[in-house]
Amino acid sequence: MAMADADALNYERRLSALEERSNSQATKEDLALLREDLANLKTELIKWFIGTQIVLAALIIYLLQ
């Protein structure tokens, strides 16, 4: 009887550990949103990079004159 109780407690602990782990994992929807956010961030960074390069090129041209 004591062995059955110990096994039941062990299974309950393992089940609760699995439930906790499944709650903390990302879903496909979460990953899709993250991918969309990263794509938007990439676009913004490219815009800033190109704009900065244009301004720096104009500054260098101005200073060389």
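Which side chains meet in a salt bridge? The side chains of K47 and E44 do, at 3.8 Å from N to O, where a salt bridge is a side-chain nitrogen of Lys or Arg within 4 Å of a carboxyl oxygen of Asp or Glu.

1. Basis of the note. This is a predicted model, in which local features need pLDDT of at least 70 and side-chain atom pairs count only at pLDDT 80 or more, while totals for chains, interfaces and linings use all residues. Residues are numbered from 1 along each chain as its sequence is written, and side-chain values use heavy atoms, with hydrogens and water left out.

2. Fold elements. The chain has two helices and zero strands, these being DSSP runs numbered from the N terminus (helices H or I, at least four residues; strands E, at least two).

3. K47 counts as exposed at 53% relative accessibility, whereas E44, at 40%, is partly exposed; buried means under 20% relative accessible area, exposed over 50%, and partly exposed in between (1.4 Å probe, protein chains only).

4. Surface. Of the 65 residues in the chain, 0% are buried, and the chain exposes about 6,500 Å², with 65% of it supplied by carbon and sulfur atoms. Accessible areas come from the Shrake-Rupley method with a 1.4 Å probe, and for residues only the protein chains shown count as cover.

5. Residue L38. Helix α2 contains L38, which is partly exposed with a relative accessible area of 48%.
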